[in-house]
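Please look through the sequence and the model below before reading on.

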Amino acid sequence: MKRTVLILSTVVLAAAALAAQGLQINGAGATFPAPIYTKWFAEYNKQHADVRVNYQPVGSGAGIQQMIKKTVFFGASDAPMTPEQMQSAPGKILHLPTVLGAVVPVYNVPGISQELKFSGELLSNIFLTKVTKWNDPQIASLNPGVNLPSTDITVVHRSDGSGTTYIWCDFLAKVSPEYKKTVGVATSVKWPANTIGGKSNEGVAGLVSQTPGAIGYVELIYALQTKIAYGTVQNSSKKFVKASPESVTAAAAAAASQMPADFRVSITNPPGDAAYPIASFTWLLLYEDAPDKKQAKAMVDFMKWALNDGQKFASDLGYAPLPKSVVDLELKALARVKVQ
C-alpha cells in the first residue's frame, strides 16, 4: 500500500513539474492591441495552465523585424507587412485580424473643456505644421462658439516604428495629396523638423498630457485610460463621428464584405454616415510552417479561442469585435498553419 501511494505521489509530482514547465511562447509587436492581448493571454492561461504567452509591446515595426529574424514565435502589427518585408522573411507569414480599433486625435488645449472637431484636411495641415496656432481660422471654423486660445500648437508623433502611425498616415494621405507626398504612409515616416516624438502609444499620450498646446494621435484605449481629451473626426460623408466600438464596426462593414484572401486591407476613410474614419484591423502574424510544431499547435488553438470566446472582451477595452464573416474566413485560414 505504501509503495502504491509512493508511486502515485511520484507521478503526481512529475505531472505538476511538467505543468509548471509548460510551454513558453514569445511574441512582440504593436502597442495598439497590447491591452486586449494582455487580457486574452491571461484568460487563456486560466484555461490552459501549461501555456504561457509572453508578449512585448515594442511597436509594429520592431515586431515585424523580430518576426523576420525569428527571434520571436509570433508578431503583431497594425500595418500589413510590405511586399518587401514578406519577401525577406524566411517563410510564408499569415496575417490574422484579431480585433478592430480606432486612432484618435488627442490634445491639451489650456482653457478648453469642449470636445473639438477635426476634418482630415485640418489634421493634415496641423501635422504638416501649416496650422500653428489653436485659434487658427481653420480650427475656429469647425468649432464655432469655442473660445480658442492663441497658444502655439506642438505636434507629437510616434518616434518608433508604429502601426498606429501607419493608420494615422493612411487616413491623412487619402484626404491630402500634399500629406501623401510630403510625409507618406509607413510605420516610420519623415516628420517636419519642428515636431516632437514619443515612444509607444503611452509615450505620445504622456507627452501630450504634459505639454500645453500639444496634439498627437493614440489608439482609443490609451486616450480612455489616461482620460486625455480627444476629438471627433469628419468622415467621408462629412459627418463628425466620435470613435467608439460601434463607429469602428461601421467602418469595417464595407471591408468585411470584400475581405481579400490574405486579410491585408485598409479601412480608413470608408463610406457610411456612422463610420469613424481612422479605424483599422490589427493583425497577429504567424509563420505557416514554423519549426516548433508544439508552439504552432498552441497558437492555432489560442487563435481559435480568441476569434470566438476572446471577442467578448473587446468592447470593454475600447476595441470593436470582428465581424462574423471575417472570423469564419480566419478559422478556415488557420488550417494553413502546419501543426505536425
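**Cavity and helix contact**

The largest cavity holds about 60 Å³ of space, where a cavity is a set of points, on a 1 Å grid over the protein atoms alone, at which a 1.4 Å probe fits but cannot get out, and a volume is the space filled by probe spheres set on the points, joined across faces, edges and corners. The model is predicted, with pLDDT of at least 70 required for local features and 80 or more for side-chain atom pairs, whereas totals for chains, interfaces and linings use all residues. Residues are numbered from 1 along each chain as its sequence is written, and side-chain values use heavy atoms, leaving out hydrogens and water.

Thirteen residues, written 13 in the count, line this cavity, and Tyr166, Asp170, Val265, Ser266 and Ser280 are the closest to its centre; lining residues have an atom within 4 Å of a point. Helix H7 (163-175) and strand S12 (279-287) are the elements that each give two or more residues to the lining, and S12 supplies the largest share, four residues. Helices (H or I, at least four residues) and strands (E, at least two) are DSSP runs numbered from the N terminus.

Elsewhere, the axes of helix H2 (residues 34-47) and helix H12 (residues 293-307), lines fitted to C-alpha atoms over the stretch in contact, come within 11 Å and cross at roughly 110°, on a scale from 0 to 180 degrees between N-to-C directions. H2 and H12 are therefore roughly perpendicular, a term for angles of 65 to 115 degrees. Trp40, Phe41, Glu43, Tyr44 and Gln47 of H2 meet Ala298, Asp301, Phe302, Trp305 and Ala306 of H12, contact meaning heavy atoms within 4.5 Å.

How values were computed: 1 Å grid on protein atoms, 1.4 Å probe; cavity = no way out; pocket = protein on both sides within 12 Å on 5 of 7 lines; lining within 4 Å. Parallel < 35°, antiparallel > 145°, perpendicular 65-115°, else oblique.
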